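Please look over the sequence and the model shown here before reading on.

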Amino acid sequence: MITNREKFLEEIQGLEGKRITVTIEKYKKPRSNEENRYYRGVIVKILADELGYSHEEMHEILKEKFLKVHDDKFTWTQSTAKLSTVEFEDLCKKVRMWASAELQIYIPLPNEAYMDRSGDLHNIY
């Protein structure tokens, strides 16, 4: 959405004679710090601690498992940084369901506290 039409037109006119590329993309709300802390500090931490991986290794494992994309020619892994908030919550939900069903590891929801292996209670944020 163009919020200041006059300023937009002024900027476009200032580019006259120059080669430019204009890209229009659907706006994706950036994730909050709380959402990132939940993913790294709860989901990744619990799984890494339980399975014996480093946090970065566990993050890469989750990306490989849940964010792999295939097309006719190539396969690649998406970055979590490029996910919208909706896509990111979908990832978190899939990981929680997988951890519960396949690994018998409970990952608390963002509004819950959790107890680590030593019995210490932690707030999510």
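This is a predicted model: local features need pLDDT of at least 70, side-chain atom pairs count only at pLDDT 80 or more; totals for chains, interfaces and linings use all residues.

Residues are numbered from 1 along each chain as its sequence is written, and side-chain values use heavy atoms, with hydrogens and water left out.

**Overall fold**

- The protein has 4 helices and 4 strands, where helices (H or I, at least four residues) and strands (E, at least two) are DSSP runs numbered from the N terminus.
- Along the sequence, these elements follow the pattern α-α-α-β-β-α-β-β.
- Of the 125 residues in the protein, 25% are buried; buried means under 20% relative accessible area, exposed over 50%, and partly exposed in between, with a 1.4 Å probe and protein chains only.

**Helix 2 and helix 3**

- The axes of helix 2 (residues 33-51) and helix 3 come within 9 Å and cross at roughly 100°; axes are lines fitted to C-alpha atoms, for helices over the stretch in contact, and angles run from 0 to 180 degrees between N-to-C directions.
- Residues of helix 2, including Tyr39, Ile43 and Leu47, meet His55, Glu56, Met58, His59 and Leu62 in helix 3, where contact means heavy atoms within 4.5 Å.

**The nonpolar core**

- The largest nonpolar core has 21 residues, and Tyr39, Ile43, Leu47, Leu62, Leu91, Val95 and Ile107 are those with the most contacts inside it; such a core is a set of buried Ala, Val, Leu, Ile, Met, Phe, Trp, Tyr and Cys residues joined through side-chain atoms within 4.5 Å.
- Helix 2, helix 3 and helix 4 (85-103) each supply at least two residues of this core, and the largest share, 8 residues, comes from helix 2.

**Two single residues**

- Lys63 lies in helix 3 (residues 55-66) and counts as buried because its relative accessibility is 15%.
- The side chains of Lys63 and Glu60 are joined by a polar contact of 3.3 Å, that is, a pair of N or O atoms within 3.5 Å of which, within protein, one must be able to donate a hydrogen and the other to accept it, with residues adjacent in sequence counting only if both atoms are side-chain atoms.
- Gln104, in the loop between helix 4 and strand 3 (114-115), is exposed, with a relative accessible area of 61%.
- Although Gln104 is not a glycine, it has a positive phi of about 55°.
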